[in-house]
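Here's a quick tour for anyone opening this model for the first time. Have a look at it, then read on.

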Amino acid sequence: MEIIASAAIPGFFTALALIAAIGAQNAFIIRQGVARRYVTVVAAFCIISDIILITAGVAGAGALINRHPRVLVALTLFGIAFMSWYAYRSIRAAIDHWKVARRLYRAGGDGSADLMASSAPWRRPSALSLAVSPR
């Protein structure tokens, strides 16, 4: 019992530190919450994936990777593919925001008509992107 307690306390604080740190996942959840898009689904998915990943780590994913090095290669390639896709989508969204902000600035008005014409909510410029758009 003593071994479990001595491992549980550092493990709890490590998990808490990983979850509390503002990383890509938490920033995504915050962005979805601010936009009020699929908040419950996104939060539930992230919670379930955290539980699965933490459990896999505790259950011995390291031992599996040591026994089967190709698992590490497969996971690495999957991670590279996912992060590349995520980066592409983020860059594309940033460029779209910049284009809309530039069009609004050149129009000279408040841009409310252009904002309403943009059908996709993630393509609407935020106040920050309007404030830092090139002049």
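## Rings along a helix

Phe 82 and Trp 85 sit three residues apart in helix H5, so about one helical turn separates them. Helices here are DSSP runs (H or I, at least four residues), numbered from the N terminus. This is a predicted model, where local features need pLDDT of at least 70, side-chain atom pairs count only at pLDDT 80 or more, and totals for chains, interfaces and linings use all residues. Residues are numbered from 1 along each chain as its sequence is written, and side-chain values use heavy atoms, leaving out hydrogens and water.

The whole structure holds two aromatic pairs. Phe 82 and Trp 85 make a tilted one, 6.0 Å centre to centre with 40° between the planes. Phe 82 and Tyr 86 have ring centres 6.1 Å apart and planes at 25°, so that pair is stacked. (Rings of Phe, Tyr and Trp, its six-membered ring, pair if their centres lie within 6.5 Å; planes under 30 degrees apart are stacked, over 60 edge-to-face, the rest tilted.) Together, ring pairs link Phe 82, Trp 85 and Tyr 86 into a cluster.

## How open are they?

Phe 82 is partly exposed at 39% relative accessible area, and Tyr 86 is partly exposed at 23%. (Buried means under 20%, exposed over 50%, partly exposed in between, with a 1.4 Å probe and protein chains only.)

## Over in helix H2

Gln 32 belongs to helix H2, residues 24-35. With 7% relative accessibility, Gln 32 counts as buried. Leaving aside neighbours within four places in sequence, Gln 32 is in contact (heavy atoms within 4.5 Å) with Arg 37, Tyr 38, Val 39 and Val 42.

Key
Helix = DSSP H or I, 4+ residues; strand = E, 2+ residues; numbered from the N terminus.
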